[in-house]
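Here is a short briefing for a reader new to this structure. Please look over the sequence and the model before reading on.

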Amino acid sequence: MAGTDMWVKNRPLKVGHTLTISGIPKTGVQRFVVNISSGVDHALHMSVQFHGAVIYNSYQGGVWGDEVRHGGCPFKYDKLFKFTVTLTREEFLVVLSDGSEVHFPNRLGASEYKDFSFDEGVLIRSFEIN
């Protein structure tokens, strides 16, 4: 994937588990991206747009799904963030550092995802699955 700076592979996020990510967005970037994937398909594509939105989507079989937009951007340049993603059979529950929640459908329908990627716009400080 072009622009991908960090990969985590073969670390299963299973139904009932929570992924906790902390990091620092780099100053001046327009956005940064986090993907939870199965092969080339993205079950959860999270694009943090510093112009004021977080956009969620999925990518399956070469086709993007319908975007889900969450207004506002709780992420700040050069400031540590922490958010969680909990996988259920039906959805990804994303809880951002400001406490806001997004319920994004588990469109691929898998009970486990093993691949994660982050683009060069963010420095990942920790990655933990419980």
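Which residue in β10 does threonine 86 stand opposite? Threonine 86 faces leucine 93 there. The model is predicted.

**Strand β9 and its partners**

- Strand β9 covers residues 81–87.
- Five of the seven residues of β9 are buried, so the strand is largely enclosed by the rest of the structure.
- One partner of β9 is strand β10, residues 91–95. Four bridges join the two, and they run antiparallel.
- β9 and β10 form a hairpin, with three residues between the strands.
- Another partner is strand β3, residues 18–25. β3 and β9 also run antiparallel, joined by six bridges.
- Within that pairing, leucine 19 has valine 85 of β9 as its bridge partner.

**The nonpolar core**

- The largest nonpolar core has 33 residues.
- Phe75 and Phe83 touch the most other members of this core.
- Phenylalanine 75 has contacts well along the chain. Leaving aside neighbours within four places in sequence, its contacts include Pro25, Phe32, Met46 and Val48.
- In soluble globular proteins, nonpolar side chains tend to be buried together.

**The cavity**

- The structure holds one cavity of 30 Å³ or more.
- The largest cavity has a volume of about 30 Å³.
- Its lining is made up of Val34, Ile36, Leu44, Met46, Phe83 and Val85.
- By class, this lining has six nonpolar residues, no polar residues and no charged residues.
- Three strands each supply at least two lining residues: β4 (31–38), β5 (41–49) and β9.

**Strand β13**

- Strand β13 spans residues 115–119. Five of its five residues are buried, so β13 is largely enclosed by the rest of the structure.
- Asp115, Ser117 and Asp119 point one way from β13. Phe116 and Phe118 point the other way.
- In a regular strand the side chains alternate between the two faces of the sheet.
- β13 pairs with β4 in the antiparallel sense, over four bridges.
- Serine 37 stands opposite aspartate 115 in β13.

**Serine 47**

- Is serine 47 buried or exposed? Serine 47 counts as buried, at 4% relative accessibility, because the cut-off for buried is under 20%.
- Serine 47 lies in strand β5.
- Serine 47 and valine 33 are 14 residues apart in sequence, yet 4.5 Å apart in space, C-alpha to C-alpha.
- Leaving aside neighbours within four places in sequence, serine 47 is in contact with Arg31, Phe32, Val33, Ala53, Val54 and Ile55.

**Tyrosine 59**

- Tyrosine 59 lies in strand β6, residues 53–60.
- Tyrosine 59 is partly exposed, with a relative accessible area of 24%.
- Beyond four places in sequence, tyrosine 59 is in contact with Val40, Asp41, His42 and Trp64.
- Tyrosine 59 and leucine 80 are 21 residues apart in sequence. In space they are 28 Å apart, C-alpha to C-alpha.

- Most residues other than glycine have a negative phi.
- Asparagine 10 has a positive phi of about 55°, although it is not a glycine.
- Asparagine 10 sits in the loop between β1 (4–8) and β2 (13–14). At 59% relative accessibility, asparagine 10 counts as exposed.
- Where does asparagine 10 make contact, beyond four places in sequence? Asparagine 10 touches Lys114 and Asp115.
- The C-alpha atoms of asparagine 10 and lysine 114 are separated by 4.7 Å, although the residues are 104 apart along the chain.
- Aspartate 78 also has a positive phi, near 60°.
- Aspartate 78 lies in the loop between β8 (68–71) and β9. At 49% relative accessibility, aspartate 78 counts as partly exposed.

Technical notes:
Residues are numbered from 1 along each chain as its sequence is written. This is a predicted model: local features need pLDDT of at least 70, side-chain atom pairs count only at pLDDT 80 or more; totals for chains, interfaces and linings use all residues. Side-chain values use heavy atoms; hydrogens and water are left out. On a 1 Å grid over the protein atoms alone, a cavity is a set of points where a 1.4 Å probe fits but cannot get out, and a pocket is an open set with protein on both sides within 12 Å along at least five of seven lines; lining residues have an atom within 4 Å of a point. Grid points are joined across faces, edges and corners, and a volume is the space filled by probe spheres set on the points. Ala, Val, Leu, Ile, Met, Phe, Trp, Tyr, Cys and Pro count as nonpolar, Asp, Glu, Lys and Arg as charged, and the others, Gly among them, as polar. Buried means under 20% relative accessible area, exposed over 50%, partly exposed in between (1.4 Å probe, protein chains only). Two strands pair if DSSP finds at least two bridges between them. A nonpolar core is a set of buried Ala, Val, Leu, Ile, Met, Phe, Trp, Tyr and Cys residues joined through side-chain atoms within 4.5 Å. Contact means heavy atoms within 4.5 Å.
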